[in-house]
Amino acid sequence: MTIAAEARTTHHLPQNWLVRLLDNKSCLIFLCLLPAAALLLIFLTYPLGLGIWLAFTDTKIGRSGHFIGFENFTSLMQDRVFITSVWNTLLYTGVATVAKFALGLWLALLLNNHLPFKSLLRALILVPWIVPTVLSAIAFWWIYDPQFSIISYVLVDVLGWRTSYIDFLGEPWAARWSLIAANTWRGIPFVAISLLAGLQTISPALYEAAMLDGANAWQRFRHVTFPMLMPILAVVLTFSVLFTFTDFQLVYAITRGGPINSTHLMATLAFQRGIPGGQLGEGAAIAVAMIPFLVLATLFSYYALARRKWQQGEDND
Amino acid sequence: MTDHAAAERPHLVEKETSGVIDWSSGPRRFITVYLPLSIFVIVLLFPFYWMAITAIKPNAELYDYKTYNPFWVSSPTLDNIKRLLFQTDYPQWLLTTMTVATVATVLSLFSSVLAAYAIQRLKFKGSQYVGLAIYLAYLVPPSILFIPMATLIFQLGLFDSQWALILTYPTFLIPFCTWLLIGYFKSIPYELEECAMIDGATRLQILWQITLPLALPGLISAGIFAFTLSWNEFIYALAFIQSAEKKTVPVAVLTQLVEGDVYHWGSLMAGALLGSIPVALLYSFFVDYYVASLTGAVKE
């Protein structure tokens, strides 16, 4: 058939032509990937590049900036508030992650028992994670109220353990611990449910074998549960570290970085300088300063991925 | 291991057939399992109880712990909720949030299903790398994107419009949904598609009539996830929307209800509670799908 003839047939049968085009594998692949790729390239890859560029400029809101090299970064290194925000971010991520994983693992082990109302329990436990963070943060804000805190009430008036009410959000350290507690509270369900899913994939035969070898509960946990859980633990840990490190909502909702800028995380400081402050370049530089930490966490995750062939093992199919 | 424990061994093994380990029994089980579990549940749910009870407390009780027991309401009132619904833009915020979340979810699900299908089912050279790129995209947090995104949104003339949110939410929804759906598609036997192909079905027919119906639980959970993630989103909505009436619930509750020095805790808690209920309800209907899909995604 000549090209002209083929063109004529396709002209007469547009339906058939379209069907055949869609059945062409490479064409179909292209069309399938197009919507996702277009959205991600325009609204993710491009802004990421633009953000890095902005970090090296003195752009302000309503005024395009000039390239100023590392000036933003050198001035940030002498900025007490920035240094504090870096320390806060590390402290917040470190302490909250350890707490979330210790408590989440404990909860997962508890949930892995024979329990009545198992699915109701799982549903209830997920609630803190489901409810919009800011809305639960507002509840914490009220729980941490200096005058009407229910925690102070219990400690002072019910138990009599303290004589004065705690000013949870008025002192730098009290505010930091309050934020870490709220973050831990919110993170436990995700860790617990993910690890529970992991626990349920462990074959009971392994425990039987361990028990026949005389392993006690701790040894079974240490030598069976823990190594089997390791791949999931690594991935959940990466996610958790990443999202705790870049957390914004909770701190913005509860303290907005106060008292006197003492609880700023890098993300909240970037927002404060960049959007209401109008210093887009400086804000972008603070955001970009988070990237090295994120890359480290991602590499860690990639290592876990490579070991587990997570979600992409071709040998299964 | 003591002889006593050794004697008990066969009994223990028998108990484990369902795949769950019984660590202990009797009163010891109460101390090691039920007690800590109850504490976890109480601590995890207390803020919501506190939210709910504050929302229906009259001010007199709210600020007087001496006369009234703070853990209970003596004379519940709907004043806080009434004030929220009739004296603020709350219904408007709910509507906006609902619209933005729905449109962003539909857009993301559509893109993700196609992308996941291409990556998992239409194996091609480099599909592995596309999958990896999508996974990496999920690791890029909104906190580092919102400043350049704000300038982009401004250049596109989308600032202060719902489209700013509808178009930016897919940046975290697509990677997540695609990742979830890849796992789901993987669990569907490839043979089913091959049979259809031998019967002369086109690839689109296969996707539409075979793979998608089988992946429905995965689609539902990806949809719920996407919807709740959009509902929960805060930083973009805070940075890209200026007009009070166009704000989403989380942003509006925080920025519009908190004005001046006097906090209306009752209305604030009512706002937080009402904003949580839609997503909580959605989850409660689909929690089993949710746990199943999470297990599916985590399991190899």
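Below are a few worked exercises on this two-chain predicted model.

Ground rules: local features need pLDDT of at least 70, side-chain atom pairs count only at pLDDT 80 or more, and totals for chains, interfaces and linings use all residues. Residues are numbered from 1 along each chain as its sequence is written, chains are lettered from A in the order in which they are written, and side-chain values use heavy atoms, with hydrogens and water left out.

**Exercise 1. Track down the salt bridges over all chains and see which ones share partners.**

Step 1. Set the rule: a salt bridge is a side-chain nitrogen of Lys or Arg within 4 Å of a carboxyl oxygen of Asp or Glu. The idea behind it is that side chains of opposite charge can pair when their charged atoms come close. Run over the whole structure, the search gives three salt bridges.

Step 2. Start with Arg273(A) and Asp79(A), whose closest N and O atoms are 2.8 Å apart. That pair links distant parts of the chain: Arg273(A) sits in helix α13 (residues 266–274) of chain A, and Asp79(A) in the loop between α4 (71–77) and α5 (80–111), 194 residues apart. Helices here are DSSP runs (H or I, at least four residues), numbered from the N terminus.

Step 3. Arg273(A) also bridges to Glu282(A), with the closest N and O atoms 2.7 Å apart.

Step 4. Now for Arg121(B) and Glu193(B), which meet at 3.1 Å, N to O. Arg121(B) is in the loop between α5 (90–120) and α6 (127–138) of chain B, while Glu193(B) belongs to helix α10 (residues 190–198), 72 residues apart.

**Exercise 2. Are Arg273(A) and Glu282(A) buried or exposed?**

Step 1. Take the cut-offs: buried means under 20% relative accessible area, exposed over 50%, partly exposed in between (1.4 Å probe, protein chains only).

Step 2. Arg273(A) has 17%, so Arg273(A) is buried. Glu282(A) comes in at 19%, so Glu282(A) is buried too.

Step 3. Zoom out to helix α14 (residues 280–289) of chain A, where ten of ten residues are buried; Glu282(A) is one of them.

Step 4. Over in chain B, Arg121(B) has 3% and is therefore buried, and Glu193(B), at 3%, also counts as buried.

**Exercise 3. Describe the interface of chain A and chain B.**

Step 1. Count contacts (heavy atoms within 4.5 Å): 115 residues of chain A touch 114 residues of chain B.

Step 2. Get the buried area, meaning the accessible area (1.4 Å probe) that two parts lose on being put together, summed over both. The answer is about 10,700 Å², with carbon and sulfur atoms giving 76%.

Step 3. Look at what crosses over: zero salt bridges, but seven residue pairs in polar contact, both at pLDDT 80 or more. A polar contact is a pair of N or O atoms within 3.5 Å; within protein, one must be able to donate a hydrogen and the other to accept it, and residues adjacent in sequence count only if both atoms are side-chain atoms.

Step 4. On the chain A side, helix α3 (residues 25–55) gives the most, with 18 residues.

**Exercise 4. Where does Asn80(B) lie, and what does Asn80(B) touch?**

Step 1. Asn80(B) lies in helix α4 (residues 79–87) of chain B, and at 11% relative accessible area Asn80(B) is buried.

Step 2. Leaving out residues up to four places away in sequence, its contacts include Lys57(B), Gly266(B) and Ser267(B). A polar atom of the Asn80(B) side chain is 2.9 Å from the backbone oxygen of Ala55(B).

Terms used:
Helix = DSSP H or I, 4+ residues; strand = E, 2+ residues; numbered from the N terminus.
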